Amino acid sequence: MGTLYLVRHGQASFGAADYDQLSELGQRQAERLGAYWAERGQRFDAVLMGSLKRHAQTWAGIARGAGLDTEPLVWPGLNEYDSEAVIRSVLPRGRDATLGDPTSPEGYRAHFRLLRDGLAQWMAGTVSPEGMPSYTDFVHGITSALDHVRAHHREQQVLLVSSGGPISTAVGHVLGLSPDATIDLNMRIRNSAVTEFQFSAKRHTLLTYNTLPHLDPPDFAHWITYA
């Protein structure tokens, strides 16, 4: 059996003009994960990642912390959905509503309430967020990466760096979860969290979800973030 480690990117720049950029804390989270793995002698036979900037920056931090130089395979199907497009697809009167400051408590709650609603409707096929694939095609981008791992890395240790949407979708696919349950997983996944699949040539099996072993010591408790 092989093991696939799925890592959500470190903290990005929520509320900024460019979300697709790790914050300073996000960079530290990634490096700390790499250092944690180095302390335990963890190595990877292959690395896959999405093509977003925050994926590349997270892998770079892990690689620095662990002293790794593996060349990653860039897999665009592992990219996150466009949360703003999902939200716009369910705004009243086609986009007239004002969300306010997403970094304020009220704006934050409004953002994720609309995001949950938009995701449910996108998954059901009742809305088509602008510039995004259908949900079926989004799922295929993720499951094709899982298929690639099973086909090409049998009995190996593989790292996959992606985002909360693709990782929760992968878990939902493996466990056969409902759309609502998959959304619940997506809303709870933490930055730099590790999810583990065991895999054979035929299937993946979930071992752990959304763990932060590298941030377990009390000194790192304030490094735990969600957005």
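This is a predicted model: local features need pLDDT of at least 70, side-chain atom pairs count only at pLDDT 80 or more; totals for chains, interfaces and linings use all residues.
Is S192 buried or exposed?

**Stop 1**

S192 sits in the loop between helix 7 and strand 5 (194-199). With a relative accessibility of 1%, S192 counts as buried, because the cut-off for that label is under 20%. Now check the backbone: S192 has a positive phi of about 65°, although it is not a glycine. As background, most residues other than glycine have a negative phi.

Select N210 next, in strand 6 (residues 204-211). Here too phi is positive in a residue other than glycine, with a value near 60°. N210 counts as buried, at 10% relative accessibility.

**Stop 2: helices 6 and 7**

Colour helix 6 (residues 164-175) and helix 7 (residues 179-188). A pair of packed helices is described by the angle between the axes and the distance between them. For helix 6 and helix 7, the axes come within 8 Å and cross at roughly 140°. That angle makes helix 6 oblique to helix 7. Their crossing is right-handed.

To see the contact, show G164, G165, S168, T169, V171 and G172 from helix 6 together with T182, L185 and N186 from helix 7. Sorted by class, the contact of helix 6 with helix 7 has two nonpolar, seven polar and no charged residues.

Stay with N186, which belongs to helix 7. N186 is buried, its relative accessible area being 11%. Leaving out residues up to four places away in sequence, N186 touches Y81, L119, G164, G165, S168 and Y209.

**Stop 3: the nonpolar cores**

Keep Y81 on screen. Which residues have the most contacts inside the largest nonpolar core? They are L4, L48, Y81 and W122, in a core of 42 residues. Helix 5 (residues 135-152) gives the most to this core, with seven residues. In soluble globular proteins, nonpolar side chains tend to be buried together.

Centre the view on L48. Not counting residues up to four places away in sequence, L48 touches L73, W75, L78, A145, H148, V149, V158, L159, L160 and V161.

**Stop 4: helices 1 and 2**

Now bring up helix 1 (residues 24-39) and helix 2 (residues 53-66), which pack with their axes 6 Å apart at an angle of about 40°. This makes helix 1 oblique to helix 2. Helix 1 passes helix 2 in a right-handed crossing.

On the helix 1 side, show A30, E31, L33, G34, A35, W37 and A38; they meet T58, G61, I62, R64, G65 and A66 in helix 2. By class, the contact of helix 1 with helix 2 has seven nonpolar, four polar and two charged residues.

**Stop 5: D20**

Finish at D20, in the loop between strand 1 (2-8) and helix 1. D20 counts as buried, at 16% relative accessibility. With neighbours within four places in sequence set aside, D20 is in contact with L52, K53 and R54.

Definitions and conventions: Residues are numbered from 1 along each chain as its sequence is written. Side-chain values use heavy atoms; hydrogens and water are left out. A nonpolar core is a set of buried Ala, Val, Leu, Ile, Met, Phe, Trp, Tyr and Cys residues joined through side-chain atoms within 4.5 Å. Buried means under 20% relative accessible area, exposed over 50%, partly exposed in between (1.4 Å probe, protein chains only). Helices (H or I, at least four residues) and strands (E, at least two) are DSSP runs, numbered from the N terminus. Contact means heavy atoms within 4.5 Å. Axes are lines fitted to C-alpha atoms, for helices over the stretch in contact, and angles run from 0 to 180 degrees between N-to-C directions. Angles under 35 degrees count as roughly parallel, over 145 as roughly antiparallel, 65 to 115 as roughly perpendicular and the rest as oblique. A crossing is left-handed if the near helix is turned anticlockwise from the far one by less than a right angle, and right-handed if clockwise. Ala, Val, Leu, Ile, Met, Phe, Trp, Tyr, Cys and Pro count as nonpolar, Asp, Glu, Lys and Arg as charged, and the others, Gly among them, as polar.
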